[in-house]
Amino acid sequence: MTDLSLTILPEAAGDAQSIERLHERTFGPGRFVLSAYRIREHVDHLLELSFTARIGTLLVGSVRQLPVLVGETPALLLGPLTVEPPFRGHGVGRLLMERALKDAKAKDHRLVLLVGDEPYYSRVGFKPVPKGRVTMPGPVDAARILVFELVDGAFEGVSGQVGPDWSKARAG
């Protein structure tokens, strides 16, 4: 985004409606049946580890992270990551991911998982999870489950079902 001034900011509570409209436009109604959305039904994303991309006051992208467990191991689930179509291909998604990962590491998180396309996410260091080592609720292509170690060796010996971190679940 060399010709436009892009700002990456922590998500604020007041951003929720604009971000939901962005998700509607970019992912459509089918997003609610995806495995990652099933986890998001129970645990809110962490505002301090979720970010927006803006050009002036215009919201052009968003990334969220929420607390999960892989078996018994705490981790973050990155996503959804989305950028308004006219602004794709300009590094907005990469800047959002880099900020999210940097801040997660600074807050002593060790692992980040996501479900996505390996060619895209590998550019920032995500790697495929070995087949059968991690499962998600509902149907998911195992080849699309990716991991990023914020601490070297943090994924060693980790396996199991990905689910909400119930210690951080919403009340009610």
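User: Where is glycine 160 found?

Analyst: Helices (H or I, at least four residues) and strands (E, at least two) are DSSP runs, numbered from the N terminus. Glycine 160 lies in strand 9, residues 160–164. The model is predicted: local features need pLDDT of at least 70, side-chain atom pairs count only at pLDDT 80 or more, and totals for chains, interfaces and linings use all residues. Residues are numbered from 1 along each chain as its sequence is written, and side-chain values use heavy atoms, with hydrogens and water left out.

User: With which residues is glycine 160 in contact, leaving aside its neighbours within four places in sequence?

Analyst: Contact means heavy atoms within 4.5 Å. On that basis glycine 160 touches Val70, Gly71, Arg133, Val134 and Thr135. The C-alpha atoms of glycine 160 and arginine 133 are 6.3 Å apart, across 27 residues of chain.

User: How many bridges join strand 3 to strand 4?

Analyst: Two strands pair if DSSP finds at least two bridges between them. Strand 3 (residues 58–70) and strand 4 run antiparallel and are joined by 9 bridges; valine 63 has leucine 81 in strand 4 as its bridge partner. Their hairpin has 2 residues between the strands, and glycine 71 there takes a positive phi near 65°.

User: Which way do strand 4 and strand 5 run, parallel or antiparallel?

Analyst: Strand 4 and strand 5 (residues 111–115) run parallel, with 2 bridges. Leucine 76 stands opposite valine 112 in strand 5.
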